[in-house]
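Trainee: I am new to this structure and would like to go through its pockets. May we look at it together?
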Amino acid sequence: MQLNAGDLSSAVDRLVTAILSANSDGQFALVGLRSRGDEVAERILEQLASRGIEVPMGVLDISLYRDDLAHLNFNPKLQSSEIDFPVDGTHIIIVDDVLFTGRTVRSAIDALMDYGRPAKIELATLIDRGHRELPFAPDYTGVFLETERMDYVDVRLVQTDGEDAVMVTKN
Ligand code: 5GP
Ligand code: MG
């Protein structure tokens, strides 16, 4: 096992500390990317609430979508969204469990822009596994995991999977 429940809890703590040190006014909103990014966002939200900071939270579902039948091309596309706060003028922190190529984040930014003009968009990831294909760097990182491009990082979170654990599967 690469990361156990304690490691994951420290990674969430690191995100909360970094987010708060950059935004002590609590003037931002979280947008979790389903699946598991929403669970990470909820954990951040709980920790903020325990410090008396209430921020809005929304969820975007950006899943692989086959948009070119001829070439069996899969691209991350918005499938559904639950954003019930005004995006216009809001500082939004996108939250995901794993950051890999950056293509999902790009689609998330596109989707948010369709709602309005955020004052600022930042990115928080529980795990950065490297191998970016687009020029995105996270503003807040829980933990960096060294991986090969073909590896898969199996992230298991209590609410979604019944336990907190991360394993890197070699292909
Ligand atoms: P990207 O679009 O950056 O390549 O991939 C990020 C999205 O795909 C995230 O929403 C993340 O949940 C998922 N993802 C990409 N690679 C992995 C991985 O190795 N493990 C897990 N659990 N999810 C991944
Ligand atoms: Mg995810």
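Trainee: Which elements each supply at least two residues of the lining of the second largest pocket?
Mentor: This is a predicted model. In it, β3 and α3 each supply at least two residues of that lining.

Trainee: Which element gives the most to that lining?
Mentor: The greatest contribution comes from α3, with six residues.

Trainee: How much space lies in the second largest pocket?
Mentor: About 200 Å³. It is lined by 12 residues, and those closest to its centre are Pro76, Lys77, Arg106, Ser107 and Asp110.

Trainee: How do the residues of its lining divide?
Mentor: Four are nonpolar, two are polar and six are charged.

Trainee: Turning to the largest pocket, how much space lies there?
Mentor: About 750 Å³. Its lining has 25 residues, with Leu64, Val98, Phe100, Thr104 and Tyr152 the closest to its centre.

Trainee: Which side chain has an N or O atom 2.6 Å from an oxygen atom of ligand 1?
Mentor: That is the side chain of Asp96. An oxygen atom of ligand 1 also lies 3.0 Å from a polar backbone atom of Phe100.

Trainee: What lies 3.2 Å from a nitrogen atom of ligand 1?
Mentor: A polar side-chain atom of Tyr152. On its own, ligand 1 has 490 Å² of accessible area, and the protein covers 84% of that.

Notes:
Residues numbered from 1 in each chain as written. Chains lettered and ligands numbered in written order. Predicted model: local features only at pLDDT ≥ 70, side-chain atom pairs only at ≥ 80, totals over all residues. Heavy atoms only, no water. Polar contact = N/O pair within 3.5 Å; in protein donor to acceptor, adjacent residues only side chain to side chain. Areas by Shrake-Rupley, 256 points an atom, 1.4 Å probe, with all protein chains shown as cover. 1 Å grid on protein atoms, 1.4 Å probe; cavity = no way out; pocket = protein on both sides within 12 Å on 5 of 7 lines; lining within 4 Å. Points joined across faces, edges and corners; volume = space filled by probe spheres on them. Helix = DSSP H or I, 4+ residues; strand = E, 2+ residues; numbered from the N terminus. Nonpolar A, V, L, I, M, F, W, Y, C, P; charged D, E, K, R; others polar.
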